[in-house]
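Q: I am new to reading protein structures. Could you take me through this one, feature by feature?

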Amino acid sequence: MAHLLATNPNASHKLMCSNLGYGARRGSRSGCYRVGRKSVLQCSSTSTSTSTSKSKSISSSQLPCADQDVRLQIENGSSGKLKQQFEYLVCEYGWRVRRLFENADEIRKASQVQAEAFHVPVSLFNDLFFQFFQAEVLSGLLYKLKNSPPNRYACLVAEPAKDDPDSTKQLVGVIDVTVLRDQNVLQYLPPEAEEYLYISGIAVSKTFRRRRIATALLKACDVLSILWGFEFLALRAYEEDLGARKLYANAGYQVVSRDPPWTSNWIGKKCRVLMIKRANLSK
């Protein structure tokens with residue numbers, strides 16, 4: 001299952017965002033889900049914090065699949081920079097999720113997974129249109145990697161937890177995590193919340209769908225939110241995409257608003273829902 005939710009659209013990946021729009025319109029506060037308040041555990045070595053979180057030491061047991069060196073560093077109270085020494089954020093359901101290695105080959109593979117998942121086939125010149133689309137996706141990913149601080153944006157990728165002849169050296173899933181402060185989302189959070197993590201670009205390779213890869217990717221976002229010190233996560237889904245909405249609901253996300261009717265009355269314009277959750281590693 002793949003569902004594209006673009007963030008920070010720019011000229012370089014305008015095509016990828018054309019069917020989505022960015023930013024939820026301000027909806028009525030009546031009937032909105034008010035997220036409760038809770039302190040978030042924050043790794044002492046992370047540099048990002050918000051007013052919704054309080055600094056506390058984080059135990060190694062709260063990192064489901066962190067590298068052993070990081071576990072020891074955290075347990076020993078080291079204040080050294082957590083420079084992505086952990087290898088995997090999550091190891092579950094037969095998949096491992098880590099941060100994208102910023103080399104040309106892996107960036108190309110990640111953009112290919114997203115492009116294949118989100119490309120809408122056309123009757124004529126489909127291969128040509130796909131090549132253009134893939135180039136746009138690659139350009140957008142390169143732009144975000146180049147222009148975003150490492151603690152404000154992360155592209156996470158999933159790979160097999162053990163050797164699999166069907167997936168050797170393959171990336172089977174991709175997800176984007178970005179720190180945002182869109183007021184249209186903040187209005188549904190506690191007043192002291194200044195920023196949140198926005199989840200987007202969720203894509204799973206067609207060959208490996210329905211194997212809980214997306215679930216592992218979403219849980220890795222929870223782990224990253226703890227490491228970065230953010231308590232709330234948000235994403236958008238198409239209202240009619242019941243499969244994606246069920247996936248997000250099972251991961252703890254709840255619908256807080258919908259696009260106003262007048263924004264989705266145009267031909268081809270789909271209504272989206274905004275979903276929010278509190279990071280919870282027990283999910």
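**Reading the model**

A: Tryptophan 95 is buried, with a relative accessible area of 3%. Buried means under 20% relative accessible area, exposed over 50%, and partly exposed in between, using a 1.4 Å probe and protein chains only. This is a predicted model, where local features need pLDDT of at least 70, side-chain atom pairs count only at pLDDT 80 or more, and totals for chains, interfaces and linings use all residues. Residues are numbered from 1 along each chain as its sequence is written, and side-chain values use heavy atoms, with hydrogens and water left out.

Q: How many aromatic pairs does a search of the whole structure find?

A: A pair of aromatic rings is described by the distance of the centres and the angle of the planes. Rings of Phe, Tyr and Trp (its six-membered ring) pair if their centres lie within 6.5 Å; planes under 30 degrees apart are stacked, over 60 edge-to-face, the rest tilted. The search finds two pairs. In one, the rings of tryptophan 95 and phenylalanine 208 have centres 6.1 Å apart and planes at 85 degrees, so the pair is edge-to-face. Tryptophan 95 is in strand S2 and phenylalanine 208 in the loop between S5 and H6, 113 residues apart. Helices (H or I, at least four residues) and strands (E, at least two) are DSSP runs, numbered from the N terminus. Phenylalanine 208 is buried, at 2% relative accessible area.

Q: What about the rings of tyrosine 248 and tyrosine 253?

A: Their centres are 6.4 Å apart and their planes at 70 degrees, so this pair is edge-to-face. Tyrosine 248 is buried, with a relative accessible area of 1%. Tyrosine 253 counts as buried too, at 2%.

Q: Which residues have the most contacts inside the largest nonpolar core?

A: A nonpolar core is a set of buried Ala, Val, Leu, Ile, Met, Phe, Trp, Tyr and Cys residues joined through side-chain atoms within 4.5 Å. The largest has 40 residues, and Leu156, Ile199, Leu218, Tyr248 and Tyr253 have the most contacts inside it. Helix H6 gives the most to this core, with twelve residues. Apart from it lies another core, of 18 residues, including Leu141 and Tyr153.

Q: Where do the buried residues of helix H4 fall, seen down its axis?

A: The buried residues of H4 include Phe130, Phe133 and Leu141. They fall within an arc of 130 degrees, so they line one face of the helix. That arc is taken from the directions from the helix axis to the C-beta atoms. The face turned away from the buried side carries the exposed residues Gln131, Phe132 and Lys146.
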